[in-house]
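Thanks for coming. I have one model to go through, so please have a look at it before I start.

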Amino acid sequence: MNRRDAFWLVTIVWLVAAAIWMARNPEFPAQPGLDLQGGLQVLLEADVPAGEPVSPDDIATVRQVISERVNGLGVAEPVVQVEGERRILVELPGLQDPDQAISLIQETALLEFVDTGTESLPEGMCVRTSLNEGPSRCERETTGESGQPAAVPPTYQTILTGDGLADATVDQTNLREYLVAFRLQPEAADTFEQYTSANQGRFLTIVLDKQVISSPRISATISDAGTITGNFTLAEAQNLALKLRYGRLPIAMRIESVRQVGATLGEASIEASVRAGVIGVIVVLLFMLIYYRLPGFLADLALIVYALLNFALFKWMGVTLTLPAITGFLLSTGMAVDANILVFERMKEELRQTTPLREAIQAGFERAWTSIRDSNVATLVICFILWFFGRNFGASIVQGFAITLAIGVLVSMFTAVIVTRTFVRLVIGRAAGWLKGRSWLLGV
């Protein structure tokens with residue numbers, strides 16, 4: 001065994017061990033999609049007066065912002081798509097906390113730093129600010145039975161909005177209280193620094209969607225970073241950070257309907273799909289074994305390594321296993337077998353021309369490589385196109401198919417070119433003398 005074969009054998013053994021550990025690790029669960037496990041479906045509609053037109057650009061922006069927010073929740077492969085001129089449908093597979101999702105996707109997340117002078121406002125209070133965008137949800141919720149708004153404070157001056165934020169993250173104090181730490185963009189940081197420097201001792205109230213979060217006194221000059229406190233729970237702090245990180249909605253959205261969605265396929269359909277996939281893989285393994293004999297057996301071992309590596313990567317990357325995503329994996333399995341077939345047919349051609357076995361092995365892999373490379377690169381280009389258009393048009397199911405197919409293609413190139421070659425060189429190459437009169441074992 002030469003040093004290169006020894007290196008690759010150790011690498012393969014290590015990768016297989018890591019893949020088995022990942023596959024059995026409960027900290028990295030498989031993530032079935034909405035069609036396999038069900039989830040939450042929320043229908044949103046633009047919260048504007050009846051008859052008032054809604055800009056297509058605004059709706060497109062809302063879809064993009066909501067998509068980024070729910071992805072930040074850790075929801076696997078959410079579906080966020082526009083329906084008609086003023087509605088957006090959000091599907092969240094396997095979500096455990098519907099209230100958290102509804103709050104996150106509905107709020108406009110207009111953050112304002114407001115000058116309230118010598119007055120500290122209580123948390124939860126509804127206020128008016130100089131940034132007047134019409135009656136807010138906060139004001140509508142405080143409207144009495146007479147239809148007249150409840151009493152609100154006077155209009156306060158907005159110093160800075162959330163548009164000036166560069167980032168927002170959750171932090172924790174020594175007293176185990178949760179807060180939101182934020183960073184400002186350079187221009188906003190200059191404005192904030194000048195204001196806090198000139199207004200020491202005054203109150204700077206933090207308002208989200210016209211509702212007071214906290215009202216701290218300015219005790220120091222603040223430049224490019226700060227914190228937002230408000231007796232948050234961890235979930236509330238995470239929600240606020242996500243809203244601020246991914247921007248605010250250009251128009252308010254109200255919830256039209258919320259419903260739990262059962263698995264589209266159903267348990268019987270899932271079992272049938274899994275059974276079909278298993279049967280297909282077994283047939284492929286038997287074909288390789290019967291037609292190519294010993295090389296086919298080694299290719300089967302490589303195919304098992306391929307399946308383990310794929311599953312481990314799916315769990316590690318958090319890939320959502322919808323039916324289209326599983327289809328992408330099965331399609332890439334066929335391509336993995338196809339690469340081995342190209343190699344073995346090249347080997348058989350060399351052996352028929354009385355080329356010595358070791359040279360035939362080397363020639364088979366070298367001459368088949370260009371065909372394997374070109375076909376797989378073409379498939380990867382198609383995967384990128386599918387992923388790109390799926391991302392821009394909200395077709396996450398198409399994205400899932402493209403991602404699993406691309407992962408499968410990359411892993412198949414590794415297993416066909418490295419794993420199979422290592423097995424063939426170690427087994428067939430070292431037994432070349434014994435195989436000299438037993439060409440039937442090589443499928444020739």
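**Strands in the middle**

Helices (H or I, at least four residues) and strands (E, at least two) are DSSP runs, numbered from the N terminus. The model is a predicted one, where local features need pLDDT of at least 70 and side-chain atom pairs count only at pLDDT 80 or more, while totals for chains, interfaces and linings use all residues. Residues are numbered from 1 along each chain as its sequence is written, and side-chain values use heavy atoms, with hydrogens and water left out.

Strand β9 covers residues 178–184 and β12 covers residues 225–232. Five bridges join the two, and they run antiparallel; two strands pair if DSSP finds at least two bridges between them.

Why is β9 largely enclosed by the rest of the structure? Five of its seven residues are buried, and buried means under 20% relative accessible area, with exposed over 50% and partly exposed in between (1.4 Å probe, protein chains only).

Thr-161 belongs to strand β7, residues 155–161. With 19% relative accessibility, Thr-161 counts as buried. Its C-alpha is separated by 4.4 Å from that of Glu-112, 49 residues apart along the chain. Leaving aside residues up to four places away in sequence, Thr-161 touches Leu-111, Glu-112 and Leu-131, where contact means heavy atoms within 4.5 Å.

**The cores**

Next, the nonpolar cores. The largest has 43 residues, and those touching the most other members are Val-343, Phe-344, Leu-357, Ile-361, Val-424 and Ile-428. Such a core is a set of buried Ala, Val, Leu, Ile, Met, Phe, Trp, Tyr and Cys residues joined through side-chain atoms within 4.5 Å. Helices supplying at least two residues each include α1 (3–24), α8 (266–317) and α9 (323–352). Which helix gives the most? That is α8, with 12 residues.

Ile-428 touches, among others, Leu-294, Leu-298, Phe-423 and Leu-442, not counting residues up to four places away in sequence. There is also a second, separate core of 24 residues, which includes Phe-113, Ala-168, Ile-206 and Ile-218.

**Aromatic pairs**

The whole structure holds 13 aromatic pairs. Rings of Phe, Tyr and Trp (its six-membered ring) pair if their centres lie within 6.5 Å; planes under 30 degrees apart count as stacked, over 60 as edge-to-face and the rest as tilted. Phe-287 and Tyr-291 are stacked, 5.6 Å centre to centre with 10 degrees between the planes. Because they are four residues apart in helix α8, about one helical turn separates them. Phe-287 is partly exposed at 39% relative accessibility, and Tyr-291 is partly exposed at 41%.

Tyr-306 and Phe-329 also form a stacked pair, at 6.1 Å centre to centre and 5 degrees between the planes. Tyr-306 is in α8 and Phe-329 in α9, so this pair ties together parts 23 residues apart in sequence. Tyr-306 is buried at 1% relative accessibility, and Phe-329 is buried at 18%.

Ring pairs also link Phe-287, Tyr-291, Tyr-292 and Phe-344 into a cluster. Last, just after α9, Thr-354 takes a positive phi of about 60 degrees.
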